Each structure stands twice: as structure tokens, then as C-alpha cells.
Amino acid sequence: MRAARLRGLWLIPVSAALLVMGPAQAADPDAEIAALTQRVEKLEGTRAIKKLQRAFGYYVDRGLWGEAADLFADDGTIEIGVDGVYVGKARISEYLERLHGGQQGLIYGQLNEWVTLQPAVDMGADGLSATARWRDLGMTGQYKKHAEWRDGIYENTYVKEDGVWKIKSLHLYVNFVAPYEKGWARLRQGEGVVQSEASKAFPPDRGPTATYASFPAVHVPPFQAPNPVTGRAVREAK
């Protein structure tokens, strides 16, 4: 009896939808099924991309460099601040390791929190690619030695390969890295974004793709996705 009632409840919205559909729509159930399938795939893709990016943050938090690199496509890239572009899983893994002290995992007293917020995912029309913008809030440091805040924006791309979503390119536009004591208020012009020692000792495959104007200057990382209401490209105010 309960199953019959549930089937009846499912039939009500379906029947109502058929009543409001035009003749062409009602006569083409295949088109309706295709549209619903595309919508579900878009929703599932958005959810998978959020999970993917959050997994990256958690792995880097605890020094799991290989796990983090495995989230990328084989030709995937990573670019953090002015360090340049590293290509491929092996290069990405080694760069992340060198960037955080040159060891597997974290050492005693090392803080390395990559807090990833404000996801804005934009799916490609093909259902196999996407972009996403995120807010990065970093808390890093070493017990009884130093502590820093980091602020920045991710503009990333993603690709679906063999049914699995992967990071195609991760680009962190660093706004500043500032000591915890006195924070970003005491930064001098250009002090907040510098090339890391890891990048100097382990040169990137390509140079930086952006010119930065770090805090206190105003720099708006380019938006890949259009305005979701107007559909127009988002331009920086001049």
C-alpha cells in the first residue's frame, strides 16, 4: 500500500508537468529526458568539482603531496603567485613538497591550513569541462618560530576524463602573505607577494602568466566565467 501511494505521488508532478508543456514538448519525451539528463549531469559535475577542490586542500593541509598531485590531469598545471607554472603530476608533487619544507608530510609544529571558500563553479556546455573561482585563506607557520596569513583567489579549470573529474589547471592569485603579528596592515608595497625559495631552487616549466599588484594595491584576478545573470564577461572597474 505504501509503495502504491509513493508511486502515485511521483505521478502527480509528472502529470502536472505534462499538462503545462506545449504540444511539441509533450510529443517529444526523448527531448525532455535528454534535457533532464543534461541537468542532472551538470549538478553532479558541480558537486564532483567541489569535492575535488576540497580534497586538494585537505591533502595539502597534511603534506600528502602525491595524493594532491593525483587530483590533476596528466598534463595538469599548478601556478601559485609569482612562482611560475609547473606541468604534470610528478612536477606538481615535487614543487608542493619543496614549497613546504622538502619532506613527505608535515614536521612537528608545522601549520599548513589551506582553507578554500566561496565556490563559484561554471560548467562548460560540453559537460566535460568547467571553471571555478574560490577564495583562499591560508594559515601557515612553525611552532614558536613564525606565523603567517595568506589571502588569494583561485581561478581554476577542470576536465572530465573517462568519467572522472580532474584539475586541469590550478592558479592561485596570491593577494598577500603577511606575518600574523600586526597582520596585513603593516605590509609595504610589493612585500606581500614574492617568489618562493622553492621556485628559485626548482625552476618552473613556464614563467608566471599574470602580473600581480599585491595588497595594499588593488588587483582583481580575471573572471573566467560570465556574469550569471547578464551573461556578459566581467570586467575590472577602471
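1. A residue is called buried when its relative accessible area is under 20%, exposed when that area is over 50%, and partly exposed in between, as calculated with a 1.4 Å probe on protein chains only. By this scale Glu94, with a relative accessible area of 33%, is partly exposed.

2. This is a predicted model, in which local features need pLDDT of at least 70 and side-chain atom pairs count only at pLDDT 80 or more, while totals for chains, interfaces and linings use all residues. Residues are numbered from 1 along each chain as its sequence is written, and side-chain values use heavy atoms, with hydrogens and water left out.

3. The structure holds 12 salt bridges, each being a side-chain nitrogen of Lys or Arg within 4 Å of a carboxyl oxygen of Asp or Glu. One of them joins the side chains of Lys89 and Asp74, at 3.5 Å from N to O. Because Lys89 lies in helix H5 (residues 89–99) and Asp74 in strand E1 (residues 72–80), this pair ties together parts that are 15 residues apart in sequence. Helices (H or I, at least four residues) and strands (E, at least two) are DSSP runs, numbered from the N terminus. Lys89 is partly exposed at 26%, whereas Asp74 is exposed at 60%.

4. Within helix H5, Glu94 and Arg98 lie 4 residues apart, about one turn of the helix, and they form a salt bridge whose closest N and O atoms are 3.0 Å apart. Arg98 is partly exposed, with 36% relative accessibility.

5. A further salt bridge links the side chains of Arg186 and Glu191, at 3.0 Å from N to O. Arg186 is partly exposed at 29%, and Glu191 is partly exposed at 28%.
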